[in-house]
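Subject: Handover of a structure, with notes

Dear colleague,

Please find the structure below, handed over for your review. My notes on it follow.

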Amino acid sequence: MNRFAQKLAEHSISLRRGRSEILQVNVGKLCNLTCVHCHVNAGPKRKEIMSRETIDRIIDWLGKTDIAIVDLTGGAPEMIPDFRYFIERVKELQPARHVIDRCNLTILLERGYEDLGKFLATNNVEIIASMPCYSPENVNAQRGEGVFEGSIAVLQLLNLLGYGIDPDLPLHLIYNPVGAFLPPSQAELEADYKRELKKHFGIVFNNLYTLTNLPIGRFASYLRCDNKLDEYMELLIQAFNLATINGLMCRNTISVGWRGEVYDCDFNQQLDMQCCCNGGSKPLFLWDIIPDSLEDREIMTGDHCFGCTAGAGSTCGGAIV
Ligand code: SF4
Ligand code: SF4
């Protein structure tokens, strides 16, 4: 039994899925950046990307469900050749579905992506964008030289398109710590971001989501190199907060990999913890399941889960409590 499962057992809890409300699709590991904190180990040389055939199978499956939200992530999800095709097909479904693009911002400055912001706006795609700080030093240290300046230029462009202003075009930012510590208060940091980005760059946005870095992927390697992995793990364990359990994203999200594999969350995905058929060892693909069959299913956990329950908690939508 891993330490997280032990902790839950101490509180007589078994972590189980609720109703599936979000389909989070990780379309691949290709990215134009190689951030220090990346749990996906994404980068420009990665070859794993979702094929059109897999997209078609996902859309066929989705069309038979009432899951209302499709959350596209990666890598830089925009870099797969069929990114626009995916969104257009989701948007054809009835009843209508809401689409989220988890965007690193700088991709919109690359050649071939100049009109992508307009495409996203036309299709009412919500943007959740990484922006680990409102000052250049921290952003460039974590994400690479020049990323802060590029991100600011793209945020200004998105504002011009109506993002962060038009209620149909939500623009949220994501903060994650630039080192081995927990995020500060989400509400206070959001106020700081809003003030600083408006004052210095005229940028507006809707919400700031604070995320905790989980000790996996490139962030784990970074901690290991610095001899801080055990210390960080201990920090997460000590900060365990029982009040976060009901809000964990694995309870209402189905995570799908670039080949259609099913996981309880994107972190489990990066750790190859693929869900299996009930009571068996056959790995599950999206087209093998009906959403209701996942309800009440036990969630696969590991020590990394302490990253989601530390302090105020952490989900794809920010702090939990
Ligand atoms: S954190 Fe995001 S933007 Fe950075 S390398 Fe990973 S997937 Fe790309
Ligand atoms: S890493 Fe977080 S979201 Fe994933 S299974 Fe563990 S607690 Fe749930």
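A polar contact is taken here as a pair of N or O atoms within 3.5 Å, where one atom must be able to donate a hydrogen and the other to accept it. Please note that the model is a predicted one.

Helix H1

Helix H1 spans residues 3–10. Helix H12 (306–309) is included in what covers them. After H1 comes Ser12, with a positive phi near 55 degrees.

Helix H8

Helix H8 comprises residues 217–225, and its buried residues are Arg218, Phe219, Ala220 and Leu223. They pack against helix H9 (229–238). Asn227, which follows H8, has a positive phi near 60 degrees.

Two buried glutamines

Gln24 belongs to strand E1 (residues 22–26). Its relative accessibility is 4%, so Gln24 counts as buried, the limit being under 20%. The side chain of Gln24 is joined to that of Asp71 by a polar contact of 3.2 Å. Apart from neighbours within four places in sequence, the residues in contact with Gln24 include Asp71, Thr73, Arg102, Asp266 and Cys316. Thr253, Ile254, Ser255 and Val256 are also among the contacts of Gln24.

Gln270 is located in helix H10 (residues 266–270) and is likewise classed as buried, at 16% relative accessibility. Between the side chains of Gln270 and Lys29 there is a polar contact of 2.7 Å. With residues up to four places away in sequence left out, Gln270 touches Lys29, Asn26, His39, Val40 and Ile216.

Loops

Met79 sits in the loop between strand E2 (69–73) and helix H3 (83–92). The relative accessible area of Met79 is 19%, and the residue is therefore buried, since the limit is under 20%. Its contacts, beyond neighbours within four places in sequence, are Leu30, Cys31, Asn32, Ile107 and Tyr113. The C-alpha atom of Met79 is separated by 40 Å from that of Gln6, which is 73 residues away along the chain.

The loop between H3 and strand E3 (98–103) contains Pro95. The peptide bond that joins Gln94 and Pro95 is cis, with omega about -5 degrees.

Two further loop residues have a positive phi without being glycine. Asn41, in the loop between E1 and helix H2 (52–63), has phi near 55 degrees and is partly exposed at 34% relative accessibility. For Asp272, in the loop between H10 and helix H11 (291–294), phi is about 60 degrees. Asp272 counts as exposed, with a relative accessibility of 62%.

Surface patch

Which residues make the nonpolar surface patch of about 210 Å²? They are Val178, Phe181 and Leu235. Phe181 lies in the loop between strand E5 (171–175) and helix H7 (186–201). Its relative accessible area of 36% places Phe181 in the partly exposed class.

With kind regards

How values were computed:
Residues numbered from 1 in each chain as written. Chains lettered and ligands numbered in written order. Predicted model: local features only at pLDDT ≥ 70, side-chain atom pairs only at ≥ 80, totals over all residues. Heavy atoms only, no water. Buried < 20%, exposed > 50% of the residue type's maximum accessible area, 1.4 Å probe, protein only. Helix = DSSP H or I, 4+ residues; strand = E, 2+ residues; numbered from the N terminus. Contact = heavy atoms within 4.5 Å. Patch = residues over 30% accessible without salt bridge, like charges linked within 9 Å, V, L, I, M, F, W, Y side chains within 5 Å. Areas by Shrake-Rupley, 256 points an atom, 1.4 Å probe, with all protein chains shown as cover. Salt bridge = Lys/Arg side-chain N within 4 Å of Asp/Glu carboxyl O.
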